[in-house]
Amino acid sequence: MIINVKKKSDCYEYEVTDQSVYLNRRQFIQTSSIAALALGSSSVLTAKEIGNDLSIPNSLSVSFNNILETPYGQSEKVAPFDVASTYNNFYEFGYGKGDPAKKAALLKTDPWNIVVEGEADVIGTFALEDIIKENQLEERIYRLRCVEAWSMVIPWVGVSLATVLKKFKPNSKAKYVYFETLYDPEQMPGQRGGNIEWPYREGLRIDEAMNELAFLAVGMYGSVLPNQNGAPIRLVVPWKYGFKSIKSIVKIRFVEEMPDTTWNMLAPQEYGFYANVNPGVDHPRWTQKQERRLPGGILFPNVIDTQMFNGYQDEVADLYSGMSLVKNY
Ligand code: MTE
């Protein structure tokens, strides 16, 4: 998604080679519910405690239990963890697909606060744990379709976005929800330059945000989110192109007007606010009719047809009835 540089869909399986690293991440102690999380410094695995071994292979040691299984994606072929955690877009850590896995390891994700503001009755600064503690963690296996025309199937762990947002009691002026990623150039080297206006920002119409599919992930593959995948909390909006699924969220704002969003600000003719997966509307520089389902390779690119709303029509098509999805791309 770099503007007018190489076509980013030109990425191949041989790029999926980087080691995965899971240092300094929030330790979700094995417990029957997230409400029982132990907080404070003793619950944080520091790089030193783990041994600062950047070659830890695909560690999934910090896992949840008692995750509610859901019917979503049960028949899907899930991507291997080491693909999903080493082939990433997280421009705060560089533009290369392997950069986030290499550079996000030491992002400090505990403590983590989220500011809630705008058109809602309950606003303020909340610890991440307080925001999601009453929710049962669910696993949802979703297809993630990047606008760059690759896709993966990922088993997320998290909570429904709607149930979280409702706790803040948005008022009748809350027509959209805006999200912001952490801005911290010291920890996020990509924020020291580039053409993105930091922090990364995204938004949804309120009815989209309240849709059953919209999800806040705190984990994947049964364990806490690797930093490169957006720890400690990220959005997952499976019927939209991946850039809507903002990572490492620190701000939620309920607003009346459609908010500015990162890719739309950067190249409005290429990236719309809605960004619904749509094989009928090509990106100006490449087709969206097909996608490369990862893992694949040069010999087996694993190209499949892209589905309208990424295959989630039944759940979301109603949100857009009467709207032109060509105009509102
Ligand atoms: N969120 C932030 N803060 N920064 C980013 O660069 N990239 C987006 C999205 N969320 C991005 C982000 C894009 S383009 C995609 S495709 C998905 O994250 C990729 O998620 P993944 O790396 O977990 O597969």
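Modeller: Strand S2 (residues 113–118) and strand S11 run parallel and are joined by 4 bridges, where strands are DSSP runs of E with at least two residues, helices are runs of H or I with at least four, and both are numbered from the N terminus. Two strands count as paired if DSSP finds at least two bridges between them. The model is predicted, so local features need pLDDT of at least 70 and side-chain atom pairs pLDDT 80 or more, while totals for chains, interfaces and linings use all residues. Residues are numbered from 1 along each chain as its sequence is written, and side-chain values use heavy atoms, without hydrogens or water.

S11 itself, residues 249–255, is mostly covered, with 6 of its 7 residues buried; buried means under 20% relative accessible area, exposed over 50%, and partly exposed in between, with a 1.4 Å probe and protein chains only.

For polar contacts, which are pairs of N or O atoms within 3.5 Å, a polar side-chain atom of Glu92 is 2.8 Å from a ligand nitrogen, and a polar backbone atom of Asn89 is 3.2 Å from a nitrogen of the ligand. An N or O atom in the side chain of Arg234 lies 2.7 Å from a ligand oxygen. The protein covers 100% of the 530 Å² of accessible area that the ligand has on its own, as computed by the Shrake-Rupley method with a 1.4 Å probe.

As for the backbone, most residues other than glycine have a negative phi, and most peptide bonds are trans. Ala149, in the loop between strand S4 (138–145) and strand S5 (150–160), has a positive phi of about 80° and is buried at 8% relative accessibility. Lys169, in the loop between helix H5 (161–167) and S6, also has a positive phi, near 50°, but is partly exposed at 47%. A cis peptide bond, with omega about 0°, joins Trp198 and Pro199, and Pro199 lies in the loop between strand S6 (176–181) and strand S7 (201–205).

Technical notes:
Polar contact = N/O pair within 3.5 Å; in protein donor to acceptor, adjacent residues only side chain to side chain.
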